[in-house]
Amino acid sequence: MDIELIFRLIFLIVLVLTFSISAYFRRRARDSGEVIERQAEGRTVLFLRMALALPLLLSLILYIVYPQALDWAKMSLPLWLRALAAVTAILCVPLIYWVFRTIGDNISETVLTKSDHQLVTEGPYRWVRHPLYGTALLLLLSLSLMASNWFLFGYAVLALIVFRMVVIPAEEEQLLEAFGEAYQQYQQHTSALVPKIF
């Protein structure tokens, strides 16, 4: 079997599993409690979310169904690196399941905090304050390297910057307002996206 086809099949399976896990847990959270509509964040945030998400989603789909459309963004990477990226992407799937299972009904479509939001500090949240963002960014980076595509890689870097500089500060402002000193103490013992080594 062609190696490019194998990478595309892994890419497809990982995406389908990831979106399925996300949809399942988000629907369960919506059905069991408060729902914060995306419009509550404001039109500017909604516009930026769509402006960034739609081209990415289109690019991911194009890589699967019509990879020639992204030939202009191909980069030459060694096979071992692409294989390592494929393994990392596969390992992100159970990690994403673990994150969603741990956060439970607290999951929201926005950076806003639900009125009955609970401060979760167990599971992956014991080490990282935003493991869903961290895992999603790792997954996007892995998929871009597996696809050997500099446009997707650039998107992963852009997403990292946007999440670290915009999304996480906005969400943490909400969490500080909701949980006060308890969240400040939690911040002191954890990092935002990757576990503290020291």
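1. A quick word on terms to begin: helices (H or I, at least four residues) and strands (E, at least two) are DSSP runs, numbered from the N terminus. By that rule the chain has six helices and zero strands, and from the N terminus on its elements run α-α-α-α-α-α.

2. Please keep in mind that this is a predicted model, in which local features need pLDDT of at least 70, side-chain atom pairs count only at pLDDT 80 or more, and totals for chains, interfaces and linings use all residues. Residues are numbered from 1 along each chain as its sequence is written, and side-chain values use heavy atoms, with hydrogens and water left out.

3. On overall dimensions, the C-alpha trace of the chain spans about 55 × 40 × 30 Å along its principal axes. The radius of gyration is taken over C-alpha atoms, and the globule rule is 2.2 Å times the number of residues to the power 0.38. For 198 residues, a compact globule would have a value near 16 Å, and the 18 Å of the chain agrees with this.

4. Now to burial, where buried means under 20% relative accessible area, exposed over 50%, and partly exposed in between (1.4 Å probe, protein chains only). Buried residues make up 40% of the 198 in the chain. Taking contact to mean heavy atoms within 4.5 Å, residues 24 or more positions apart account for 79% of the contacts with a separation of 6 or more.

5. The core deserves a look. A nonpolar core is a set of buried Ala, Val, Leu, Ile, Met, Phe, Trp, Tyr and Cys residues joined through side-chain atoms within 4.5 Å. The largest one has 44 residues, and those with the most contacts inside it are F11, F100, L139, L143 and M146. At least two residues of this core come from each of α1 (3-32), α2 (43-65), α3, α4 (131-146), α5 (150-179) and α6 (181-189). Helix α3 gives the largest share, nine residues. In soluble globular proteins, nonpolar side chains tend to be buried together.

6. V93 counts as buried because its relative accessibility is 11%. Beyond its neighbours within four places in sequence, V93 is in contact with V14, L17, T18 and I21. The C-alpha atoms of V93 and L137, which are 44 residues apart along the chain, are separated by 12 Å.
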